[in-house]
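Please keep the sequence and the coordinates at hand while reading.

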Amino acid sequence: KAEDDKQRDRIGAKNGLESYCFNMKSTIEDDKVKDKIPPGDRKTILDKCDETIKWLDANQTAEKDEFEDKQKELEGIFNPIIQKLYGADGEGGMPGGGGGMPGAGAGGPQQGGAAPGGGQGGAGPTIEEVD
């Protein structure tokens, strides 16, 4: 049972990191946001996401802490860029409001590391149980 919980937490952290990357990529490619992020910042986000996804592919068996550390590293890079985006426009300046930024607030629910991608806005694949 303890081993199952540990494995579940590890997979949750991995999925959370992967979902965070895909959400950030889709967010900055969104037409409503694309023009508001400087090209250098967009490139930084895209490059870091691609690099992280490659790292995930190469490190499927990494520990929960490694996935969480990688996500914290990304949040440290991405959050200031996203805050600049909101700061430049004011809160209501973006069509869709906060719903257009599914990865922006991931620091809160993700800190436990066990939150599956469902808490991130659902941009990734979902699995539905069928009877």
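Which residues are linked with Asp5 in a network of salt bridges? The network joins Lys1, Asp5, Arg8 and Asp9, where a salt bridge is a side-chain nitrogen of Lys or Arg within 4 Å of a carboxyl oxygen of Asp or Glu.

**Basis of the model**

The model is predicted: local features need pLDDT of at least 70, side-chain atom pairs count only at pLDDT 80 or more, and totals for chains, interfaces and linings use all residues. Residues are numbered from 1 along each chain as its sequence is written, and side-chain values use heavy atoms, with hydrogens and water left out.

**Overall fold**

Helices (H or I, at least four residues) and strands (E, at least two) are DSSP runs, numbered from the N terminus. Of the 131 residues in the protein chain, 34% are buried. Buried denotes under 20% relative accessible area, exposed over 50%, and partly exposed in between (1.4 Å probe, protein chains only).

The accessible surface of the protein chain is about 7600 Å², and carbon and sulfur atoms hold 51% of this area. Accessible areas come from the Shrake-Rupley method with a 1.4 Å probe; for residues, only the protein chains shown count as cover. Among contacts in the protein chain with a separation of 6 or more, 73% are made by residues 24 or more positions apart; contact means heavy atoms within 4.5 Å.

**Nonpolar core**

In soluble globular proteins, nonpolar side chains tend to be buried together. A nonpolar core is here a set of buried Ala, Val, Leu, Ile, Met, Phe, Trp, Tyr and Cys residues joined through side-chain atoms within 4.5 Å. The largest such core contains 20 residues, and Met24, Ile37, Ile45, Cys49, Phe67, Leu74 and Phe78 have the most contacts inside it. Two or more residues of this core are given by each of helix H1 (2-29), helix H3 (39-58) and helix H4 (64-89). H4 supplies 7 residues, the largest share.

Ile37 is one of the core residues with the most contacts. Apart from its neighbours within four places in sequence, Ile37 touches Ile28, Arg42, Ile81 and Leu85.

**Salt bridges**

Side chains of opposite charge can pair when their charged atoms come close.

| Pair | N to O distance |
|---|---|
| Arg8 and Asp5 | 3.2 Å |
| Lys25 and Asp50 | 2.6 Å |
| Glu29 and Arg42 | 3.3 Å |

Arg8 and Asp5 are about one helical turn apart because they are 3 residues apart in helix H1. Arg8 is exposed, at 53% relative accessible area, whereas Asp5 is partly exposed, at 24%.

The salt bridge between Lys25 and Asp50 runs from helix H1 to helix H3, so it ties together parts that are 25 residues apart in sequence. Lys25 is partly exposed, with a relative accessible area of 21%, and Asp50 is partly exposed as well, with 29%.

Glu29 and Arg42 form a salt bridge in which Glu29 belongs to helix H1 and Arg42 to helix H3, so the pair ties together parts 13 residues apart in sequence. Glu29 is partly exposed at 34% relative accessibility.

**Aromatic contacts**

A pair of aromatic rings is described by the distance of the centres and the angle of the planes. Rings of Phe, Tyr and Trp (its six-membered ring) pair if their centres lie within 6.5 Å; planes under 30 degrees apart count as stacked, over 60 as edge-to-face and the rest as tilted.

The whole structure holds 2 aromatic pairs. The ring centres of Tyr20 and Phe78 are 5.9 Å apart and their planes lie at 25°, so this pair is stacked. Tyr20 in helix H1 and Phe78 in helix H4 are 58 residues apart, and their pairing links distant parts of the chain. Both Tyr20 and Phe78 are buried.

Trp55 and Phe67 form an edge-to-face pair, with 5.8 Å from centre to centre and 80° between the planes. Trp55 lies in helix H3 and Phe67 in helix H4, so this pair ties together parts 12 residues apart in sequence. Phe67 is buried, with a relative accessible area of 0%.

Lys70 lies over the face of Trp55, 5.1 Å from the ring centre. A charge sits over a ring if NZ of Lys or CZ of Arg is within 6 Å of the ring centre and within 35 degrees of the ring normal.
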